[in-house]
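Colleague: I have a few questions about the labels on this one. Can you take me through how they were decided?

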Amino acid sequence: DFEAALERLNACTAQTGQELQEIARVMEQKQTELERKISQQRPEWEGELSEVRTLAISLRRDMEEFQEAYLRLQDDCRTLEQDANSVIAGLVERIESLERREEGRQRVEERQAEALLQDLVAFR
């Protein structure tokens, strides 16, 4: 069922987005914490400070990559939803066409039956 699959996909996308936002928030918070701690440390920790700064930069890059992945996921979900809607519309159109064809076939059969009945009556 396309609609159920689409709903599950949308729910998954929303949950993934929320998780990514939470990860980004936590990462931002940790980076801020690290930067605060760094500023409070003594000068002899300069080597460790450099390492922490490098990690903070790496963390920020990771956070940006997560955000880009989330945006791509949103785009993919929109595309999937559009595709599903197109498929559903095509199926509805096909069903309606088959229903019209069946109605036409039934009318032809009814006319043929009436004609046959008239022929039988005329034959008697």
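Colleague: Why is Val-87 called partly exposed?

Modeller: Bear in mind that this is a predicted model. Val-87 has a relative accessible area of 36%. Buried would need under 20% and exposed over 50%, so Val-87, at 36%, is partly exposed. Val-87 is found in helix α2.

Colleague: What makes Val-87 part of a nonpolar surface patch?

Modeller: Patch residues need over 30% relative accessible area, and Val-87 has 36%. Nonpolar side chains are then joined within 5 Å. Here Val-87 goes with Phe-2, Leu-91 and Ile-95, and the patch comes to about 350 Å². Helix α2, residues 46-123, gives the largest share, with three residues.

Colleague: What does Gln-31 touch, leaving aside its neighbours within four places in sequence?

Modeller: Gln-31 is in contact with Ala-56, Leu-59 and Arg-60.

Colleague: And what makes the Gln-31 and Arg-60 pair a polar contact?

Modeller: The side chains of Gln-31 and Arg-60 are joined at 3.4 Å. The limit for a pair of N or O atoms is 3.5 Å, so this one falls within it.

Colleague: Why is Thr-13 called buried?

Modeller: Same test. Thr-13 has 10% relative accessibility, and the limit is under 20%, so Thr-13 counts as buried. Thr-13 is found in helix α1. Setting aside neighbours within four places in sequence, Thr-13 is in contact with Tyr-70, Leu-73 and Cys-77.

Colleague: Which other residues of α1 are buried?

Modeller: The buried set in α1 includes Leu-6, Gly-17, Leu-20, Ala-24, Met-27 and Ile-38. The buried residues of α1 pack against α2.

Colleague: And which residues are buried in α2?

Modeller: Leu-49, Ala-56, Leu-59, Met-63, Tyr-70, Cys-77 and Ala-84. The buried residues of α2 pack against α1.

Colleague: How do you know that the length of α1 agrees with what a helix should span?

Modeller: Count 1.5 Å a residue, and the 39 residues of α1 should span 57 Å. The end C-alpha atoms of α1 are 56 Å apart, which agrees. For α2, the 78 residues reach 114 Å from first C-alpha to last, close to the 116 Å expected.

Colleague: What makes Glu-22 and Arg-25 a salt bridge?

Modeller: The cut-off is a Lys or Arg side-chain nitrogen within 4 Å of an Asp or Glu carboxyl oxygen. Glu-22 and Arg-25 meet at 2.5 Å, N to O, so the pair qualifies.

Colleague: Why are Glu-22 and Arg-25 about one helical turn apart?

Modeller: Because Glu-22 and Arg-25 are three residues apart in helix α1. An α-helix has 3.6 residues a turn, so residues three or four places apart point the same way.

Colleague: Are Glu-22 and Arg-25 buried or exposed, or what lies in between?

Modeller: In between. Glu-22 has a relative accessible area of 38% and Arg-25 has 43%.

Colleague: How many salt bridges does the structure hold?

Modeller: Five. Another of them pairs Asp-75 with Arg-78, with the closest N and O atoms 2.5 Å apart. Asp-75 and Arg-78 both lie in helix α2, three residues apart, about one turn. Asp-75 has a relative accessible area of 40% and Arg-78 is at 45%, so each is partly exposed.

Colleague: What makes Glu-109 and Arg-105 a salt bridge?

Modeller: The closest N and O atoms of Glu-109 and Arg-105 are 2.2 Å apart. The limit is 4 Å, so they pass. Glu-109 and Arg-105 are four residues apart in helix α2, about one helical turn. Glu-109 is partly exposed at 41% relative accessible area, and Arg-105 is partly exposed at 38%. Salt bridges with shared partners also join Glu-102, Arg-105 and Glu-109 into one network.

How values were computed: Residues are numbered from 1 along each chain as its sequence is written. This is a predicted model: local features need pLDDT of at least 70, side-chain atom pairs count only at pLDDT 80 or more; totals for chains, interfaces and linings use all residues. Side-chain values use heavy atoms; hydrogens and water are left out. Patches are made of residues with over 30% relative accessible area and no salt bridge: like charges are joined within 9 Å, nonpolar side chains (Val, Leu, Ile, Met, Phe, Trp, Tyr) within 5 Å. Accessible areas come from the Shrake-Rupley method with a 1.4 Å probe; for residues, only the protein chains shown count as cover. Helices (H or I, at least four residues) and strands (E, at least two) are DSSP runs, numbered from the N terminus. Buried means under 20% relative accessible area, exposed over 50%, partly exposed in between (1.4 Å probe, protein chains only). A polar contact is a pair of N or O atoms within 3.5 Å; within protein, one must be able to donate a hydrogen and the other to accept it, and residues adjacent in sequence count only if both atoms are side-chain atoms. Contact means heavy atoms within 4.5 Å. The expected span of a helix is 1.5 Å times one less than its number of residues.
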